[in-house]
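Let's take a look around this protein together, starting with its open spaces and then moving on to what holds parts of the chain together. Here are the sequence and the structure.

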Amino acid sequence: MFGTRRAGIRAAAITVPLVAALLGGAAAPAGAHSAKPAKGLTCRGAGVDPAAQIRYRTEAVINAPLDVVWKLQTDVDRWPSWQQAVSSAERLDHGRFRAGSAFHWTTPIPPEVGIPATALDITSTVRQVKDRSCIRWTGPADGEGLHIDGVHVWNFTEVRGGVRVSTEETHTGPQVDANVPLATAILRTGLEAWLTDLKAAAEARAPR
């Protein structure tokens with residue numbers, strides 16, 4: 001289907017993980033900002049892919065208890081109930097959210113963007129986690145004519161008034177590597193949309 005480089009780049013623009021919210025016009029969360037830090041986020045000493053050309057980091061302060069934020073983020077099966085960009089999500093193991101936990105989730109590609117409707121399938125595996133502090137997961141995302149390898153790190157820090165959630169992600173793959181500025185811009189929109197939804201959901205559930 002994506003037989004040319006131009007089509008491959010277009011597919012990447014549509015189907016990079018976490019960017020379905022871009023099609024809905026989601027705004028950046030209040031308090032979020034991007035940066036190119038000298039030192040990236042880590043979880044138990046491990047960070048994103050240092051060789052990746054596509055990288056983005058952002059953060060937001062969420063006015064909710066840490067327990068509420070952590071529960072939303074780690075209860076993967078319920079992601080579709082509060083994330084606009086997630087159409088399905090399923091834990092592939094049981095019990096507490098831990099190193100080795102895996103989950104499969106999908107994000108749709110709407111037909112109105114000009115290619116046949118399909119979905120991006122993502123399988124993520126938790127590599128490092130520290131309870132209520134940090135998560136690092138990795139995994140492939142695949143759609144028709146598109147493959148992306150992602151590394152995603154989350155940090156959760158209690159601050160005055162709530163929780164500062166910081167996130168950093170890298171992508172590698174032939175389609176996204178073909179247009180680094182575009183792929184980075186789309187990754188930015190996806191991460192900020194995730195924080196927008198997380199902030200809204202957590203603050204709605206926070207005790208008054």
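## A pocket beside a helix

The second largest pocket has a volume of about 150 Å³. What's a pocket here? On a 1 Å grid over the protein atoms alone, it's an open set of points with protein on both sides within 12 Å along at least five of seven lines, and lining residues have an atom within 4 Å of a point. Grid points are joined across faces, edges and corners, and the volume is the space filled by probe spheres set on them.

Trp70, Lys71 and Thr74 are among the residues lining this pocket, along with others including Arg91, Phe97 and Arg132. Helix α2 gives the most to the lining, with three residues. (Helices are DSSP runs of H or I with at least four residues, strands are runs of E with at least two, and both are numbered from the N terminus.) Seven of the nine residues of α2 (66-74) are buried, meaning under 20% relative accessible area with a 1.4 Å probe, protein chains only. Trp70 and Thr74 are among those buried ones.

## Where the model comes from

This is a predicted model: local features need pLDDT of at least 70, side-chain atom pairs count only at pLDDT 80 or more, and totals for chains, interfaces and linings use all residues. Residues are numbered from 1 along each chain as its sequence is written, and side-chain values use heavy atoms, with hydrogens and water left out.

Of the 13 residues lining the largest cavity, Ile122, Ser124, Gly139, Gly150 and Glu169 are the closest to its centre.

Strands β5 (118-130), β6 (134-143) and β7 (146-159) each supply at least two lining residues. β6 gives the most, with five.

## A disulfide link

How many disulfides are there? With a disulfide taken as a pair of cysteine sulfur atoms within 2.5 Å, the count is one. Cys43 is joined to Cys134, S to S 2.2 Å. The two sit 91 residues apart: Cys43 is in the loop between β1 (33-34) and β2 (54-62), and Cys134 is in strand β6.

Are these cysteines buried or exposed? Cys43 is buried, at 0% relative accessible area, and Cys134 is buried too, at 4%.

Methods
Buried < 20%, exposed > 50% of the residue type's maximum accessible area, 1.4 Å probe, protein only. 1 Å grid on protein atoms, 1.4 Å probe; cavity = no way out; pocket = protein on both sides within 12 Å on 5 of 7 lines; lining within 4 Å.
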